[in-house]
Amino acid sequence: MAWRRFLFCISNLTNASQIPSLAPLLRPNPFFPVSCPSALFSTSFLVTKTPKKFKKKRKKPDSPRTKPVQHPSTRNHHFESLVERDSYFRFLTRSKQFLSQQPDHVLRLDDAGKLYRELGFPRGRKVARYLQRHPLLFQTYRHTDNKMWLGFTDFMEDLLDEERSIMDSVEIDRVDKVTKLLMMSKDKRIPLSKIHHCRLLFGIPDDFRDRVVKYPERFRVTVGSDGKRVLELVNWDKSLAVSQLERQFMVDEDKAKRAFKFPVKYAKDLELDEGDTRTLNLLNTLPLVSPYSDGHKLDLWSLEAEKYRVGVVYEFLSLTLEKRASIHHIVEFKDEFSLTKHTYDMLKKQPRTFYLAGTEMNWVVFLKDAYDEKGNLTDKDPQVLYNEKLCQYAEMKKGEL
């Protein structure tokens, strides 16, 4: 049928032999059916699609690993800089802790390259590169076995002795902190491994697991079903069962009420004016559920349970040295403090009291009341003063001391 239509078009011409360009087309070709001479001209040379180089590249959505928690309009540069400072001094912090536990405070350089997690530097990098950042604190030398070793300088050894003296002077304060953690926990017991893992957060010494035996009236060490040692509370101390939030409430009630906001959901049929709405919301602002109560028995999704969890996080941050903690520290005590997986969203709803810095996957929560306008702690622990001095020495070169 296609060839009949083609011959019909040819017959309408005066003389097909006068058109030499059509002569080859008179032979049938099943792969090229045409119905009219107008279809004999190919348009394959025309660009029908937009070239790839001219297409707009679709922007990839930010992943939680890199997406900042705060919008640029609400970002606090003082808090964000503290998070960056911790990242910069991660090698110093972890290496100091790891080498302090080694015999003679030394480590073979070849072995240090494999301990990138313990020493706090990225995998694939050379540890010597990070040792050069802190020449006053770390040094390398060749041992009698003709191997390179790394260790502390004499100046760093003196700083470690100073830190040990600080730990001895504040031991009672650290014991009170651990006691309050046990009093807030659901079963009044916490594995010793968790406390040891977060020891730097509270300024607890490395040998705290050995020091607890000096306080049998407070603690008892047992072995759990999994074989791990667990620290249990022996006696309840009423004087310690007062949260930092309750102390602020007794000093300045209005300021404490403005710290949190738990608006009440009510129907529009009430037709409340602005004053009545403010009064109704004021009744549900301050979390009056004490973190030292049995709040874990409340209904998980009730308003009282959320107040309890907010109070627990507030008290937890108030016990830390720098009044801040990362997600890893909070998740460490998730079961003991009856926290949910929605802790991030819960804290985001309280911007007056908490500030979340960093990225959505690795965020740090700050207790804003403990800092001034310049991002400095208003009340610094002796251990905090020591850490700040250590960071200053870490940035110095030889001869600048």
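# Reading salt bridges, strands and loops in a predicted model

Modeller: A search of the whole structure finds 24 salt bridges. Keep in mind that this is a predicted model.

Biologist: What is the general idea behind such pairs, where side chains of opposite charge are concerned?

Modeller: Side chains of opposite charge can pair when their charged atoms come close. In this structure, K389 and E162 form a salt bridge through their side chains, with 2.6 Å from N to O. K389 belongs to helix α18 and E162 to helix α7 (residues 154-169), so this pair ties together parts 227 residues apart in sequence.

Biologist: Are K389 and E162 buried, partly exposed or exposed?

Modeller: K389 has 25% relative accessibility, so it counts as partly exposed. E162, at 30%, also counts as partly exposed.

Biologist: Which strands hold E232 and R220?

Modeller: The side chains of E232 and R220 meet in a salt bridge of 3.2 Å, N to O. E232 lies in strand β6 (residues 229-233) and R220 in strand β5 (residues 219-223), so the pair ties together parts that are 12 residues apart in sequence. E232 counts as buried because its relative accessibility is 15%, while R220 is partly exposed, with a relative accessible area of 41%.

Biologist: Which lysines gather in a patch of positive charge on the surface?

Modeller: The patch holds K49, K52, K55 and K57. K55 lies in the loop between α1 (2-11) and α2 (77-88). Exposed means over 50% relative accessible area, and K55, at 51%, counts as exposed.

Biologist: Next, the strands. Why is β8 described as largely enclosed by the rest of the structure?

Modeller: The cut-off for buried is under 20% relative accessible area. In strand β8 (residues 354-358), 5 of the 5 residues are buried, so the strand is largely enclosed by the rest of the structure. β8 pairs with strand β9 (residues 363-367) in the antiparallel sense, over 5 bridges. Together β8 and β9 form a hairpin, with 4 residues between them.

Biologist: Where is A370 found?

Modeller: A370 is in the loop between β9 and α18 (382-394). At 12% relative accessibility, A370 counts as buried. The C-alpha atoms of A370 and K323 are separated by 6.6 Å, although these residues are 47 apart along the chain.

Biologist: How should I read a positive phi at K188?

Modeller: Start from the general rule: most residues other than glycine have a negative phi. K188 is not a glycine, yet it has a positive phi of about 60°. Its place is in the loop between α8 (171-184) and β4 (189-191). S338 also has a positive phi without being a glycine, at about 55°. S338 is in the loop between α16 (327-332) and α17.

Biologist: Is S338 buried or exposed?

Modeller: S338 is buried, with a relative accessible area of 17%.

Methods:
Residues are numbered from 1 along each chain as its sequence is written. This is a predicted model: local features need pLDDT of at least 70, side-chain atom pairs count only at pLDDT 80 or more; totals for chains, interfaces and linings use all residues. Side-chain values use heavy atoms; hydrogens and water are left out. Buried means under 20% relative accessible area, exposed over 50%, partly exposed in between (1.4 Å probe, protein chains only). Helices (H or I, at least four residues) and strands (E, at least two) are DSSP runs, numbered from the N terminus. Two strands pair if DSSP finds at least two bridges between them. Patches are made of residues with over 30% relative accessible area and no salt bridge: like charges are joined within 9 Å, nonpolar side chains (Val, Leu, Ile, Met, Phe, Trp, Tyr) within 5 Å. Accessible areas come from the Shrake-Rupley method with a 1.4 Å probe; for residues, only the protein chains shown count as cover. A salt bridge is a side-chain nitrogen of Lys or Arg within 4 Å of a carboxyl oxygen of Asp or Glu. Lys and Arg count as positive and Asp and Glu as negative; His and the chain ends are not counted. The place of a charge is taken as NZ of Lys, CZ of Arg, CG of Asp or CD of Glu.
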